[in-house]
Amino acid sequence: MAIRSLFLLIGLIGGLGVVPALAQDGPALLREVTVRTDTATFHLSRHAVANQGETALYFWFRRDDETVELRLEPEKIGDARSLRLRRSPDYVQLDSLTREPDGTYRTRLKFTDLTSSSFLRLVVEQPAEAAGQPAQRETVNLLPLARTTVALRRSDDELFVGEEKSFELTSSNPRNVRATGEWVRGEEFDYRLTTGPNGMLRLSVLPNQLGKRTLVVKLQAERPMLQPGGRLSYQLPVLRQEFVVKASRLRFLSPDKRSVTLDEESRRKGVELILDNGRSFELRRTYRLEDQEEPGGTLLAELYTRQYLSNDRVLCYLRPYNTHRQTDGYLYVKLNDQAQYITNLDITPKTTISGVQLLHRGGEWTSSLTVNPGETVDVRVEGEGLQKARMHFEDLTVIPSDSSIRTDGRLVYRVQVPVSYDKRKSTLYNGSQPTSFALSIREYQRPHPLDFVSVSYGEQARSITKLGGPVLYDHTIRDVVFQFRPEGIDVDNFLFGKQYLSFDIRLLNPKGELIEMRTVDNLLVCPGLNSPRAAFYQDKLCRIDPLSLNSLLGRKTYDLDDWSRIVVTVKHNPSQYGSEPGYSQTVELVLKRKIKFDVDVSFPTGLLTRRQGEEGYGNFGGISLATLAQLSFYSPEKINRLRPYKVGAGFVALNAFNLSPDSKNRDLGIVILGSVYPTRREARLTFPLYLGGGYLLSAGKWFYLLGPGIGVRL
């Protein structure tokens with residue numbers, strides 16, 4: 001309370017009505033606030049100053065990210081309720097607010113940007129004494145102060161009237177010096193302060209009067225300094241420097257225009273131009289403007305003096321004949337080949353565009369002005385008088401780029417086309433006037449991987465890119481249907497556009513012979529409604545419904561023989577995509593079977609036959625004739641390949657070709673036989689092995705047989 005009484009007394013004595021440094025809600029929380037830097041310690045009771053009607057604790061800083069120690073002494077040392085510091089974007093609290101043995105609270109703060117931070121303050125809170133009461137809070141205003149010195153570095157003290165010269169300023173804290181970049185006009189000097197690369201301060205000086213003159217530069221600071229008597233000042237020490245201002249041998253006449261356009265109209269009628277009064281100007285006389293002081297220079301323009309103006313300037317007509325840049329040197333105003341004055345301005349040709357070229361990412365410059373939505377391209381404009389042009393593209397954004405070029409004959413822009421751009425072209429404008437060039441917006445048309453195409457052949461539809469080779473299907477294929485997923489083409493901002501597909505359909509019999517072939521060309525699939533360009537893909541030819549093979553084929557899929565194959569090649573139509581090859585995917589369906597039933601006629605010979613009731617191993621017979629209904633078994637891992645064994649039942653005529661009437665071994669039996677056959681396809685004559693048994697009809701006995709046979713494949 002003694003601190004607050006002292007502040008109130010100071011305010012009453014000064015008649016300032018100083019507001020207390022601590023603004024609180026409820027009873028006072030803090031008795032003392034201390035800020036300690038690496039060089040000094042500042043106490044609220046001794047280092048407070050009035051700032052904009054409020055009292056603030058000031059402290060000196062050297063760095064924008066200064067780290068300080070903060071100590072808070074509570075009003076009630078023994079209060080069990082702890083203090084806390086509210087967070088602020090102006091600083092980072094490095095330590096938690098901890099209570100010291102003496103009852104004070106300590107923490108460290110690291111400020112973010114002391115030079116730029118305004119209304120810097122600390123908000124201290126303490127929980128309420130009883131439930132339902134609001135928490136107590138006090139605010140401590142902080143005022144960072146910075147010591148800033150500024151000095152002028154110069155190599156000489158000579159200046160010339162009409163010539164601007166820049167000097168580098170050295171400062172202990174350049175960020176604290178306010179550099180507006182605006183010209184300060186004076187009788188003797190015009191000057192401005194700007195910030196260059198790496199925060200360097202530069203002073204530009206333009207002398208107005210001859211002789212020994214003193215330049216007086218008044219500088220402002222971003223952060224104030226404390227003056228004697230507790231007064232704050234944003235005024236830095238005045239910078240004074242003496243210069244010797246000399247007159248040029250030829251007086252410089254400042255024109256009211258920095259650029260004049262050279263065209264047929266300006267060459268014939270002239271352009272109005274206001275110059276400084278040259279004192280020795282003669283009215284209604286024509287002067288030559290050349291590029292050199294000596295006689296015989298190139299005639300760049302003619303200057304006709306028309307009348308004097310009230311502000312000590314002269315109204316003239318300028319008729320340009322050749323181009324000129326200020327960077328090429330001065331223009332010499334001559335009368336009878338004698339240079340009278342100098343001036344300078346740009347004489348540039350009329351802005352004309354001779355050509356526009358595009359550079360796509362990873363490509364070469366091309367004269368085709370076609371771009372795609374979402375694409376970023378470089379646009380090169382070639383012509384004359386382009387440096388003064390104000391080129392822009394209709395509703396398109398020009399991206400600043402380090403590779404941008406701006407010369408009188410060439411401009412390079414980096415242009416981004418939004419994905420949602422809703423026009424078919426973007427006209428190139430010069431100011432408000434459209435040119436004859438425009439960027440044509442063309443939808444993307446590039447091949448997309450074929451994962452948006454799926455096929456169904458009796459099971460759930462599967463993407464054709466996930467089939468991974470021939471599909472062996474052991475049921476009747478009622479139909480083969482290709483379905484399309486338009487929403488899988490354009491995803492987010494990755495665009496592909498319309499997809500032109502062709503289907504090559506072939507039906508092959510079990511021997512691999514072609515039985516039917518069909519081709520579907522230019523089947524069009526358009527991106528779905530999820531595409532940001534869906535409204536621009538409107539086309540009546542876009543395919544939405546599935547593609548059924550049975551609607552195209554004469555031989556239906558459900559009428560195919562076992563082990564027939566359906567081969568469909570889906571690929572992009574290369575004629576629609578230029579140099580891009582596109583994608584291709586083959587779908588092969590095979591009518592797989594596990595077993596085969598057939599009636600087989602073979603000629604077992606040399607059979608070892610043993611009849612019921614006989615002893616021994618039996619006897620060998622001659623050539624027999626077997627007619628069997630057999631089951632053959634296919635290999636599950638191969639296409640149309642039989643296993644080497646068969647099982648069948650039927651009739652066997654033993655010794656059928658032994659026509660002797662007294663033959664005892666001739667008989668007809670009903671048998672069940674298992675046979676083992678060679679698996680070589682190219683073999684025409686085979687020798688299977690038979691094993692089985694049955695019942696002899698004539699002998700009325702059961703028998704068993706084992707032996708080879710002869711098979712003939714036609």
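Me: How far apart are the closest N and O atoms in the salt bridge of Arg71 with Glu69?
Reply: This is a predicted model, in which local features need pLDDT of at least 70, side-chain atom pairs count only at pLDDT 80 or more, and totals for chains, interfaces and linings use all residues. Residues are numbered from 1 along each chain as its sequence is written, and side-chain values use heavy atoms, with hydrogens and water left out. A salt bridge is a side-chain nitrogen of Lys or Arg within 4 Å of a carboxyl oxygen of Asp or Glu. For Arg71 and Glu69, the closest N and O atoms are separated by 3.6 Å.

Me: Is Glu69 buried or exposed?
Reply: Buried means under 20% relative accessible area, exposed over 50%, and partly exposed in between (1.4 Å probe, protein chains only). Arg71, at 29%, counts as partly exposed. Glu69 has a relative accessible area of 9%, and therefore is buried.

Me: Which residues are linked with Arg71 in a network of salt bridges?
Reply: Glu69 is one of the partners of Arg71 in this network. The complete set linked with Arg71 is Arg36, Glu69, Asp95, Arg106 and Arg108.

Me: How many residues apart in sequence are the parts that Glu125 and Arg84 tie together?
Reply: Glu125 forms a salt bridge with Arg84, with the closest N and O atoms 3.2 Å apart. Glu125 lies in strand β11 and Arg84 in strand β7, so the parts tied together are separated in sequence by 41 residues. Strands here are DSSP runs (E, at least two residues), numbered from the N terminus.

Me: Why is strand β11 largely enclosed by the rest of the structure?
Reply: Strand β11 covers residues 121–126. One of its residues, Glu125, is buried with a relative accessible area of 12%.

Me: Over how many bridges do β11 and strand β12 pair?
Reply: Two strands pair if DSSP finds at least two bridges between them. Glu125 stands opposite Arg137 in β12. The pairing of β11 with β12 (residues 136–145) is antiparallel, and its bridges number six.

Me: Which strands stand at the edges of the open sheet that contains β43 and β46?
Reply: The order in this mixed sheet of five strands is β43-β49-β48-β45-β46. Each edge strand has a single partner, so one side of each is left without a neighbour in the sheet; these strands are β43 (471–473) and β46.

Conventions
Helix = DSSP H or I, 4+ residues; strand = E, 2+ residues; numbered from the N terminus.
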